[in-house]
Amino acid sequence: MSVDPQQFLRELFATAIDAAHPQHVLEAHLPKDRSGRVIVIGAGKAAAAMAQVVERCWQGEVSGLVVTRYGHGAPCEKIEVVEAAHPVPDAAGLAVAKRVLELVSNLSEDDRVIFLLSGGGSALLALPAAGITLADKQAINKALLKSGATIGEMNCVRKHLSAIKGGRLGKACWPATVYTYAISDVPGDLATVIASGPTVADPSTSTEALAILKRYAIEVPASVRSWLQSPESETVKPGDPSLARSHFQLIARPQQSLEAAAVKARQAGFSPLILGDLEGESREVAKVHAGIARQVVLHGQPLAAPCVILSGGETTVTVCGNGRGGRNAEFLLSLTDSLKGLPGVYALAGDTDGIDGSEDNAGAIMTPDSYACAAALGMSASDELDNNNGYGYFAALDGLIVTEPTRTNVNDFRAILILESPEHDA
């Protein structure tokens with residue numbers, strides 16, 4: 001089998017991204033009747049690219065406002081695109097959230113609203129609840145990001161500190177008809193978790209939000225605690241009549257991207273194994289992947305080489321060191337440390353939005369030589385892992401993947417390519 005392992009891994013990553021791009025997945029889901037006036041709002045890393053599709057396909061009057069991460073914008077003629085900060089919200093996100101809420105208030109039942117939603121929307125559409133400041137939300141957000149909390153836990157807290165999430169945006173649109181089109185970046189594809197569910201009913205409670213903050217020992221101001229103890233902090237619950245005309249449609253999810261990569265792998269002669277959407281500490285998830293890869297190499301189980309192990313989801317990093325790197329670099333560094341140059345094993349881990357955490361890379365690539373080459377440079381994989389320095393480790397090896405913003409987001413993509421051993425190739 002003749003294949004450039006690193007190039008092939010990059011092609012698998014590109015295939016996964018392409019399978020979830022708004023240009024390919026949104027149009028088929030739009031309402032069949034595309035005449036008349038529509039108000040378009042949106043939030044997330046894919047929001048601008050999604051808005052472009054609506055502009056291209058809609059036959060009637062189009063206007064609106066979407067917010068995306070800095071650098072993730074796209075040129076639109078009728079829908080205004082605003083950029084704001086992610087993963088920690090800023091004043092720009094606060095200002096646009098107020099404008100979005102104003103735009104959909106006082107609508108009639110003859111109005112139609114299209115809400116374009118993707119990962120990153122929680123931070124980008126930031127409108128703190130009454131009595132809570134932006135600084136409060138920023139501090140809590142930063143603490144949650146470093147705590148190791150899952151995306152579901154983080155968004156539970158975010159919803160209950162917000163004036164726009166947890167169904168509140170959908171309630172503000174009443175009695176207009178709302179069509180939400182979402183690209184999932186969360187394990188399980190739960191509508192209530194994707195960008196904190198601004199237009200869907202939310203079964204979680206303020207009591208649960210308080211418990212999460214306590215679990216991760218996150219200090220909160222008295223005003224925040226007081227708000228969460230108030231009945232007013234509750235989100236819009238299932239059965240609320242104000243959401244009766246709000247419709248939710250998932251248009252892309254991580255599984256689609258994994259399946260697309262599996263098809264490409266099979267076409268190239270590699271047996272694919274999809275492990276699915278995964279959560280947990282990046283370094284621990286990597287150890288499980290390493291164990292599977294080692295079993296394939298040594299025993300041909302659960303499948304024989306040549307093969308590709310694929311997984312997605314959103315892992316977490318409990319930050320203890322002072323290094324650089326997102327969860328994908330952390331995963332790959334732990335994998336490198338676990339495999340220690342196991343022959344024939346290559347791996348890629350990257351975020352499908354093109355940004356690993358808050359760095360300028362999407363992820364990185366590991367080769368069988370990575371461990372030894374880094375050691376020759378005086379770098380210990382285990383020491384760098386202790387310092388959460390996956391970015392620095394792979395930068396030194398020229399192993400970073402830089403894609404620029406992709407304008408979609410189905411979260412992490414991981415591929416471990418296992419080649420046949422030389423004796424099998426003979």
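The C-alpha centres of domain 1 and domain 2 lie 30 Å apart, the domain bounds coming from an automatic or database domain assignment. This is a predicted model, in which local features need pLDDT of at least 70 and side-chain atom pairs count only at pLDDT 80 or more, while totals for chains, interfaces and linings use all residues. Residues are numbered from 1 along each chain as its sequence is written, and side-chain values use heavy atoms, with hydrogens and water left out.

**Exercise 1.** Describe the interface of domain 1 and domain 2.

*Solution.* Begin with the bounds: domain 1 covers 5-15 + 255-418, and domain 2 covers 22-252. Next take the buried area (the accessible area, with a 1.4 Å probe, that two parts lose on being put together, summed over both); for these domains it is about 1,800 Å², with 51% on carbon and sulfur atoms. Of the area that domain 1 buries against domain 2, Glu279, Arg407 and Asn409 supply 33%, more than any other three residues. Finally, look for salt bridges (a side-chain nitrogen of Lys or Arg within 4 Å of a carboxyl oxygen of Asp or Glu): the rule finds 1 across the interface.

**Exercise 2.** Decide whether Thr177 is buried or exposed, and find its contacts.

*Solution.* Leaving aside neighbours within four places in sequence, Thr177 is in contact (heavy atoms within 4.5 Å) with Asp111, Arg112, Val113, Arg245 and His247.
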